[in-house]
Amino acid sequence: MLYAHTVDVVREAEGALMARLPEGVLMRRAATGLATECIRLLPAVYGARVVLMVGSGDNGGDALYAGAALARRGVAVRALTAGSRVHQEGAAALRAAGGRVRAFAGSDADDSDLFGADLIVDGLVGIGGRGGLREPHAGLAAQAANAPAPVVAVDLPSGIDADTGEVAGYAVRADVTVTFGTHKPGLFVDPGADRAGAVRLVDIGIGPELPGASVLRPQPVDIAGLLPTPGAEADKYRRGVLAVRAGSDRFRGAAVLAVGGALRTGVGMVRYGGPERVVDQVLARWPETVAAVLDPRQSTDLEPGRVAAVVVGPGRGTDPGDADELDAVLDSDVPVLVDADGLTLMSGETGRDLADRVRERSAPTLLTPHAGELARLLGDVTREDVEVRRLEHARRAARSFGCAVLLKGSTTVIAHPDGPSVVNPTGTPLLASAGTGDVLSGAVGALLASGVPVVEAALCGAYLHGRAAELVHGGAPVSASDLLHGLPLALAEVRADG
Ligand SMILES: NC(=O)C1=CN([C@@H]2O[C@H](COP(=O)(O)OP(=O)(O)OC[C@H]3O[C@@H](n4cnc5c(N)ncnc54)[C@H](O)[C@@H]3O)[C@@H](O)[C@H]2O)[C@@H](O)CC1
Ligand SMILES: [K+]
């Protein structure tokens with residue numbers, strides 16, 4: 001599991017450690033780690049040309065000390081400073097080691113040092129950065145982006161918000177980010193994560209000072225440890241029965257995809273209930289389903305003991321009868337996943353009663369909105385607000401509805417009123433196509449029915465779903481049906497890694 005901590009927490013931990021150590025020790029540790037990573041990226045060390053982009057704070061200081069270490073190894077190091085101040089001791093150390101320091105001349109002409117560099121180090125701003133990059137920082141960063149050399153970001157790419165991943169203006173796009181002490185949440189969540197490239201963590205000794213993480217990012221081995229493994233005693237009931245209340249005469253495919261997502265993730269039995277034509281279609285594709293024609297207002301297959309979890313909403317409709325069905329499902333005492341039309345029913349004035357129903361539940365509930373649905377659920381923000389500050393809005397919804405929330409999109413995040421948020425590392429932009437959410441709801445529903453706790457089920461389902469998309473066509477476009485072929489590949493890979 002990878003851990004991330006917010007800026008306030010990092011500063012407190014660093015302060016506690018610094019109080020016990022001689023001045024400058026932490027920065028030297030950071031700079032040594034940074035220099036080591038730079039050396040790994042250089043084709044040859046002696047005679048290589050490295051350009052440092054240096055802002056006025058300690059982030060620039062890290063870059064300057066790392067530059068000094070590189071210069072001592074025979075690298076030609078040039079520092080271009082932006083802003084009114086520069087870290088004096090760092091600049092002196094670089095000069096003493098044979099490097100050069102000068103102010104960035106401005107964007108009017110191409111800087112020949114930048115264009116001739118083998119490696120560019122971004123030390124403009126780190127955790128002290130606020131908002132998009134100002135001038136002359138933005139101009140310098142833009143020139144670096146046009147230069148051919150790879151870019152290494154110091155602590156985080158300058159211009160991304162360390163806590164949220166928000167990019168409010170111009171931001172550096174790094175090939176590698178060398179971060180210190182702990183990851184920053186903005187390195188895990190888009191749009192920031194997309195700017196960070198490969199992230200390397202350098203230990204500077206603050207670990208013992210850090211409290212529990214604010215954000216977690218699981219690794220394959222973590223997923224393997226969370227997935228249920230049916231024992232020798234397993235039978236279909238003990239493995240879990242999932243009820244799927246998805247699809248309608250208008251959207252029959254949603255039922256087929258949700259049932260498929262569940263079956264391909266693994267569950268004892270899927271009970272499908274819906275209109276006759278949908279039942280026929282589900283049975284034609286998945287004959288192993290126990291399917292029954294069901295009036296949405298009846299909830300007879302939710303009697304205690306008959307199902308272990310319910311998925312409700314994908315393609316189901318938003319008529320009053322569908323609201324009654326959702327109400328009845330929320331009345332059950334098993335884990336419930338609400339998606340798509342179920343979320344629409346919960347939104348706005350008319351959805352208040354259903355939202356209260358969610359709040360009153362004692363069994364776990366998971367809402368799986370995309371950004372637009374989450375904006376409607378919250379009521380006072382736009383889809384764009386949600387997209388740029390995904391963690392914050394997922395957490396807000398989790399607190400507001402008192403349940404788990406899985407926010408789909410460029411980075412899938414999972415929030416719960418208690419405990420850290422989780423960020424899913426897998427997936428591809430190609431997943432943004434019709435029906436993929438239906439597959440996800442079935443996959444997560446299967447895990448809920450198998451007895452996996454709600455946050456873990458959401459996380460494992462999202463992980464497998466994202467990995468299925470990556471594996472199935474090796475980067476070619478993926479349809480929702482293709483994901484059903486990818487899920488077994490993803491499961492096999494996770495089990496092999498674990
Ligand atoms: N605090 C510590 O103990 C350690 C800090 N370290 C480094 O120090 C960094 C934090 O240093 P600072 O607190 O000095 O802050 P930064 O160096 O991250 O940024 C602060 C400076 O950037 C300017 N600035 C802020 N937003 C800007 C924007 N949008 N455009 C242009 N300029 C902007 C500020 O005016 C200020 O001069 C960390 O990210 C890390 O790289 C490391 O050396 C490890 C130890
Ligand atoms: K930086």
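Helices (H or I, at least four residues) and strands (E, at least two) are DSSP runs, numbered from the N terminus. This is a predicted model, in which local features need pLDDT of at least 70 and side-chain atom pairs count only at pLDDT 80 or more, while totals for chains, interfaces and linings use all residues. Residues are numbered from 1 along each chain as its sequence is written, and chains are lettered from A and ligands numbered from 1 in the order in which they are written.

**The chain as a whole**

- The chain contains 20 helices and 18 strands, and its C-alpha atoms fill a box of roughly 80 × 45 × 45 Å along the principal axes.
- The radius of gyration, taken over C-alpha atoms, is compared with a globule rule of 2.2 Å times the number of residues to the power 0.38; for 498 residues a compact globule would have a value near 23 Å, and the 26 Å of the chain agrees with this.
- Of the 498 residues, 56% are buried, a term that requires 20 or more other C-beta atoms within 10 Å of the residue's own, whereas 12 or fewer make a residue exposed and counts in between make it partly exposed, with C-beta atoms placed from the backbone.

**Around ligand 1**

- A residue is near a molecule if its C-beta atom, placed from the backbone, lies within 6 Å of it; among the 28 residues around ligand 1, those that come nearest are Gly57, Asp58, Asn59, Gly126 and Gly128.
- Helices H1 (7-18), H2 (25-41) and H3 (58-72) each supply at least two residues of this shell, and the largest share, four residues, comes from H3.
- The shell has ten nonpolar, twelve polar and six charged residues, where Ala, Val, Leu, Ile, Met, Phe, Trp, Tyr, Cys and Pro count as nonpolar, Asp, Glu, Lys and Arg as charged, and the others, Gly among them, as polar.

- Arg73 lies in the loop between H3 and strand E3 (76-81), and Arg73 is partly exposed because 15 other C-beta atoms lie within 10 Å.
- Arg73 and Gly261 are 188 residues apart in sequence, and their C-alpha atoms are 55 Å apart in space.

**Helices H19 and H20**

- The axes of H19 (residues 454-472) and H20 (residues 480-497) come within 7 Å and cross at roughly 105°, axes being lines fitted to C-alpha atoms, for helices over the stretch in contact, with angles running from 0 to 180 degrees between N-to-C directions.
- H19 and H20 are therefore roughly perpendicular to each other, since angles of 65 to 115 degrees count as roughly perpendicular, under 35 as roughly parallel, over 145 as roughly antiparallel and the rest as oblique.
- The residues of the contact of H19 with H20 divide into ten nonpolar, three polar and three charged.
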